[in-house]
Amino acid sequence: MSRFPILRTAAALTLGTAALIGCASSTSAPGGVMARDGMLTGPNGMTLYTFDKDVAGSGKSTCNGPCATNWPPLMAGAANASGDYSVITRDDGGRQIAYKGKPLYYWIKDTKPGDKTGDGFNKVWRVATP
């Protein structure tokens, strides 16, 4: 038995409280979204993008049809979101993940994790950053 059980208990409580505070203030990233190397990536490690023509907080994506073929939306499936993340409903009824109100997309020409060939495309596509 330790000679300092109160100190050990206090240390454990402090660590436990810090862990709870960290959980309470964290943002829930749905669908496996992660921040890597200063950018957001999907669950497959591929770079995510935002579209300048999308209005943050509108709950809408302006990239539909052929646009969505080249810029596949990051679909939410059944995932829910909180904090900086939200889920919007697309024109086709699908659920898409948004970050700070801007829908997130992949670029069809990125072939491996870390590629960001869509950044600046037509001066309206940007790498999504945390």
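What share of the 130 residues in the chain is buried?

1. Overall composition. The model is a predicted one. Buried residues come to 34% of the 130 in the chain. The chain exposes about 7,600 Å², and 60% of that area is supplied by carbon and sulfur atoms.

2. Secondary structure. The chain contains two helices and seven strands. Along the sequence these elements follow the pattern α-β-β-β-α-β-β-β-β. Of the contacts with a separation of 6 or more, 61% are between residues 24 or more positions apart.

3. The sheet. Strands S4, S5 and S6 form an open sheet in the order S4-S5-S6, with antiparallel pairing. S4 and S6 (102-103) are at the edges, where each has a single partner strand, so one side of each is left without a neighbour in the sheet. Between S5 (residues 95-99) and S6 there are two bridges. On the S6 side, lysine 102 is the bridge partner of tyrosine 99.

4. Aromatic pairs. The structure holds eight aromatic pairs.

5. The tryptophan pair. Why is the pair of tryptophan 71 and tryptophan 125 described as stacked? Their planes lie at 0 degrees, with ring centres 3.7 Å apart, so the pair is stacked; the cut-off for that term is planes under 30 degrees apart. Tryptophan 71 sits in the loop between H2 and S4 and tryptophan 125 in strand S7 (residues 125-127), 54 residues apart. Tryptophan 71 has a relative accessibility of 3% and therefore counts as buried. Tryptophan 125 is buried too, with a relative accessible area of 3%.

6. The ring cluster. Through ring pairs, Tyr49, Phe51, Trp71, Tyr105, Trp107, Phe121 and Trp125 are linked into a cluster.

7. Aspartate 115. Is this residue, aspartate 115, buried or exposed? Its relative accessibility is 13%, so aspartate 115 counts as buried, the limit being under 20%. Aspartate 115 is located in the loop between S6 and S7. Its side chain reaches the backbone nitrogen of threonine 111 at 2.9 Å. With residues up to four places away in sequence not counted, aspartate 115 touches Thr47, Tyr49 and Asp110. Tyr49 is also a member of the ring cluster in point 6.

8. Nonpolar cores. How many residues make up the largest nonpolar core? There are 12, including Val33, Leu40, Met46, Leu74, Ala76, Ile97 and Ala128. Tyrosine 99, the bridge partner of lysine 102, belongs to this core as well. Apart from neighbours within four places in sequence, alanine 76 is in contact with Val87, Arg95, Gln96 and Ile97. A second, separate core has 10 residues, among them Met39, Tyr49, Cys63 and Val127.

Note on methods. Residues numbered from 1 in each chain as written. Predicted model: local features only at pLDDT ≥ 70, side-chain atom pairs only at ≥ 80, totals over all residues. Heavy atoms only, no water. Helix = DSSP H or I, 4+ residues; strand = E, 2+ residues; numbered from the N terminus. Buried < 20%, exposed > 50% of the residue type's maximum accessible area, 1.4 Å probe, protein only. Contact = heavy atoms within 4.5 Å. Areas by Shrake-Rupley, 256 points an atom, 1.4 Å probe, with all protein chains shown as cover. Phe/Tyr/Trp six-rings, centres within 6.5 Å; stacked < 30°, edge-to-face > 60°. Pairing = 2+ DSSP bridges. Polar contact = N/O pair within 3.5 Å; in protein donor to acceptor, adjacent residues only side chain to side chain. Core = buried A, V, L, I, M, F, W, Y, C linked by side-chain atoms within 4.5 Å.
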